[in-house]
Amino acid sequence: MSDLTTFHTDIKSILEQARSKARSAVNSEMVEAYWLIGKRIVQEEQQGAARAVYGQRLLENLSKELSSSFGKGFSYANLRNFRQFYLTYPDQAICYTVCSKLSWSHNRLIMRVEDAQARAYYLAEGAAQQWSVRQLERNIQTHSFQRLLSSRDQSHAGVEEGGAAIANTLGDFIKDPYVLEFLQLPQAAQIKESQLEQAIIDELQKFLLELGKGFSFVARQMRISTETSHFFLDLVFYNYLLKCFVIIDLKTGKLSHQDIGQMDMYVRMFDDLKRGEDDNPTIGIILCDSKDETVVKYSVIKESQQLFASKYQRILPTEEELIAEIEREKRLIGESVDVSNRENSHADADSVAVVHEASPVQGD
């Protein structure tokens, strides 16, 4: 590259960075302006006796006035959105410190989410992960927050106090179920695991987005060898936030206890042969078409903080179907925790009884 070409490239880079910063600054200012407009509309509405009728007339008149002065962007519907924006986030600090980091299109999607915790999640993750509007919309449609919440509850089930912090961290990264509608797999037909693997590789960028934050692709069909045998891992990723490798084993049929045992072996072998000194313990995810909760309950998954079994869905489910699936998972997890608590209570009671029987009786 000549000095002149380098010079031109440097100048272009300076201008591109400046334009990017300018767009970001303008976006931030406009989001804050829309919040202030919404606040002012609400203040004005509250002066009217017949609030609903007065409010509609107020917005219609304001829309005509702003459109004549500033052009497009101030329709009656948009003014209602500004009003709702303020009502959703009445704390101005939230608008200035969080909402302003995202575009108005992002905020308009998020403020329609009813759950306040979910809204906070999409605001924070949308800004941190720099989701496009389309990515944000898909994450909301697939209830990404609720799926993470369900997995977080699952990771807490049966975890002792010493490992609770680790489990909580992992629960923020593992979803159940995963929604893989972008792979365009046949809805009902049986497919081979090699076909599923190839479909994921073909749509790797979208798969990484569905996995969540911090994941980078390492290898497919990675070979790990002992002195006598060779084993091949379907997909291997590294999560730079968790600072650990993540092994994914693909199963197009129903999860079996043999699958769980195999993944447990893979994780142990990988930790022994591939894991670096600065890496945290390897995570193993069995991605399966369906799973038997009884098999999961009585397998090593229940006691392990590093093994997970998650289902994948081939099509984008309806909101009702996805919520029902998440609630079913949470209910099963709750039942498992209740059984575990009862077993622990019985064990404590037996221990107390043994102590009483063994205690010497004091005579007069």
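Biologist: Is Arg147 buried or exposed?
Modeller: Arg147 has 0% relative accessibility. Buried means under 20% relative accessible area, exposed over 50%, and partly exposed in between (1.4 Å probe, protein chains only). Arg147 therefore counts as buried.

Biologist: What kind of model is this?
Modeller: Residues are numbered from 1 along each chain as its sequence is written, and side-chain values use heavy atoms, with hydrogens and water left out. Local features need pLDDT of at least 70, side-chain atom pairs count only at pLDDT 80 or more, and totals for chains, interfaces and linings use all residues, as this is a predicted model.

Biologist: In which helix does Arg147 lie?
Modeller: Helices (H or I, at least four residues) and strands (E, at least two) are DSSP runs, numbered from the N terminus. The run that holds Arg147 spans residues 144-156. That is helix α8.

Biologist: With which side chain does the side chain of Arg147 make a polar contact?
Modeller: A polar contact is a pair of N or O atoms within 3.5 Å; within protein, one must be able to donate a hydrogen and the other to accept it, and residues adjacent in sequence count only if both atoms are side-chain atoms. Contact in general means heavy atoms within 4.5 Å. Leaving aside neighbours within four places in sequence, the contacts of Arg147 include Lys175, Tyr178, Glu210 and Leu322. The polar contact, at 2.6 Å, is with the side chain of Glu210.

Biologist: How many salt bridges does the count come to?
Modeller: A salt bridge is a side-chain nitrogen of Lys or Arg within 4 Å of a carboxyl oxygen of Asp or Glu. By this rule the count comes to 14.

Biologist: How many residues apart in sequence are the parts that Arg138 and Glu181 tie together?
Modeller: Arg138 and Glu181 form a salt bridge, with the closest N and O atoms 2.8 Å apart. Arg138 lies in helix α7 (residues 133-141) and Glu181 in the loop between β1 and α10. Arg138 is buried at 18%, whereas Glu181 is partly exposed at 22%. So the pair ties together parts whose separation in sequence, in residues, is 43.

Biologist: Which side chain meets Asp259 in a salt bridge?
Modeller: Asp259 is buried, with a relative accessible area of 12%. Its salt bridge spans 3.6 Å, N to O.

Biologist: Which residues do salt bridges that share partners join into one network?
Modeller: Two residues already discussed belong here, Arg147 and Glu210.

Biologist: What is the bridge partner of Leu235 in β4?
Modeller: Strand β3 (residues 230-239) and strand β4 (residues 244-254) pair in the antiparallel sense over five bridges. In β4, the partner of Leu235 is Ile248.

Terms used. Pairing = 2+ DSSP bridges.
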